[in-house]
Amino acid sequence: MIFVTGGAGFIGANFVLDWLGATDEPVVNLDKLTYAGNLQNLSTLQGDARHVFAHGDMGDSALVARLLAEHRPRAVVNFAAESHVDRSIHGPEDFVQTNVIGTFRLLEAVRAYWSSCSADEQRSFRFLHVSTDEVYGSLAADDPAFTEDNKYEPNSPYSASKAASDHLVRAWHHTYGLPVLTTNCSNNYGPFHFPEKLIPLMIVNAIAGKPLPVYGDGMQVRDWLYVKDHCSAIRRVLEAGRIGETYNVGGWNEKPNIEIVKTVCALLDELRPRTDGKRYAEQITYVTDRPGHDRRYAIDARKLERELGWKPAETFDTGIRKTVEWYLAHEDWVRNVQSGAYRDWVSKQYGGA
Ligand code: NAD
Ligand code: DAU
């Protein structure tokens, strides 16, 4: 079996669903259920014995040690993190606590478990750390896309904390021999994306008749990857990645933010036209820029394609249409997330957690 952290969040939940769709190998899913963790994302797995959910913190060394000893996974995939750049600007401490200290404690618990394994188990074991392209900093308009050799130049508290976690993972390999893999992925989008991030925020605000807040001039560039393609990349790296290596993951879909917002508006005009006959783009509102806003990210994913044969299955056109359709078909999910109803359920279920 494999052990996943943060598997009730956006990418983690997509990964757990994707994994159990592709294989019968069970998953132990450790998630703290912060505001971003939502068990409703995994409701289709209710009663499925292949999914074992554990509520808790990856920084709780005793809990992680107990779970590893009990389930004896052959791999750990680490999604758990604080992930929103704007929140990191308002309150960086949680990001240091979770992304740096949490990853450190997880690495130590995994190292102790791995050291207790047989020589064969140690050889086949993997610790896969899921990271971000933001660790490489910001690109100028004509710079080449980030390769795995770019130096780390994180600019936000979020990206600095992720960069620190990447360095810890690297050091645990070089110093202790832990068999690690790291993936650095570009911006994901798709089902279960928390509506504080650009694409889901624009969809839910648009249909609620609210302003669509575009930071600064809207010409910042992000490189978008459909979340299920990220999941298939992680599966492939886990299967065949070279120990100690990092792999950049991206979809070759660089777009300025304003183009993304206009695309979402056009799809909504087609799929759910405004009742007053106006266009959703009329709701676009330029607002104050994010402090220290990185201008451009772009991922060169050729190493992953060359060495492991991975390529994304979705184009941006197919992925964004599926995403808008998913949000229109899951307004109950959006309502629950916005009302905090799922958190009420969690405190009922887990006694005030
Ligand atoms: P998310 O915020 O949607 O989910 C994070 C999950 O981690 C939540 O379920 C939360 O409850 C859980 N969590 C937080 N702290 C925890 C802790 N101490 N112990 C256990 N669980 C904890 O994040 P996401 O967008 O799904 O991102 C997942 C990972 O992928 C992160 O490491 C992020 O840095 C990375 N990443 C995200 C993107 C993106 O576009 N979203 C792109 C590249 C990399
Ligand atoms: O690049 C990978 C990263 O992508 C991940 O590591 C992060 O976890 C993930 O949150 C994401 O970070 P971004 O900051 O790029 O994503 P976000 O959706 O917050 O913003 C995307 C772009 O849109 C960014 O340039 C800021 C802009 N934006 C965002 C919001 C929420 C707006 O213009 N208006 C908004 O309201």
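**Entry 1: a pair in a helix**

I started with R123 and D120, whose side chains meet in a salt bridge with N to O at 2.5 Å. I use "salt bridge" for a side-chain nitrogen of Lys or Arg within 4 Å of a carboxyl oxygen of Asp or Glu. Side chains of opposite charge can pair when their charged atoms come close. R123 and D120 are separated by about one helical turn, because they are three residues apart in helix α5 (residues 119-124). Helices (H or I, at least four residues) and strands (E, at least two) are DSSP runs, numbered from the N terminus. I found both R123 and D120 exposed. My terms here: buried is under 20% relative accessible area, exposed is over 50%, and partly exposed is in between (1.4 Å probe, protein chains only).

A note on what I am looking at: this is a predicted model, where local features need pLDDT of at least 70 and side-chain atom pairs count only at pLDDT 80 or more, while totals for chains, interfaces and linings use all residues. Residues are numbered from 1 along each chain as its sequence is written, chains are lettered from A and ligands numbered from 1 in the order in which they are written, and side-chain values use heavy atoms, with hydrogens and water left out.

**Entry 2: other salt bridges**

How many salt bridges does the structure hold? I noted 26. One of them joins the side chains of E153 and K151, at 3.4 Å from N to O. E153 is partly exposed, at 38% relative accessible area, and K151 is exposed, at 59%.

Next I looked at D217 and R295, which form a salt bridge with their closest N and O atoms 2.8 Å apart. D217 sits in the loop between β8 and β9 (221-226) and R295 in the loop between β12 (284-287) and α10 (302-308), so this pair ties together parts 78 residues apart in sequence. D217 counts as partly exposed at 39% relative accessibility, and R295 is partly exposed too, at 37%.

I also found a network of salt bridges that links R242, E245, K303 and E307.

**Entry 3: around ligand 2**

Then I listed some polar contacts, meaning pairs of N or O atoms within 3.5 Å. A polar backbone atom of L198 is 2.8 Å from an oxygen atom of ligand 2. For P213, a backbone N or O atom lies 2.8 Å from a nitrogen atom of the ligand. In N257, a side-chain N or O atom is 2.8 Å from an oxygen atom of ligand 2. On its own, ligand 2 has 690 Å² of accessible area, and the protein covers 94% of that (Shrake-Rupley method, 1.4 Å probe).

**Entry 4: L181**

Is L181 buried or exposed? L181 counts as buried, because its relative accessibility is 0%. I placed L181 in strand β6 (residues 180-185). Leaving out residues up to four places away in sequence, L181 touches several others (heavy atoms within 4.5 Å), among them F127, L128, V237 and I243.

Note on methods
A polar contact is a pair of N or O atoms within 3.5 Å; within protein, one must be able to donate a hydrogen and the other to accept it, and residues adjacent in sequence count only if both atoms are side-chain atoms.
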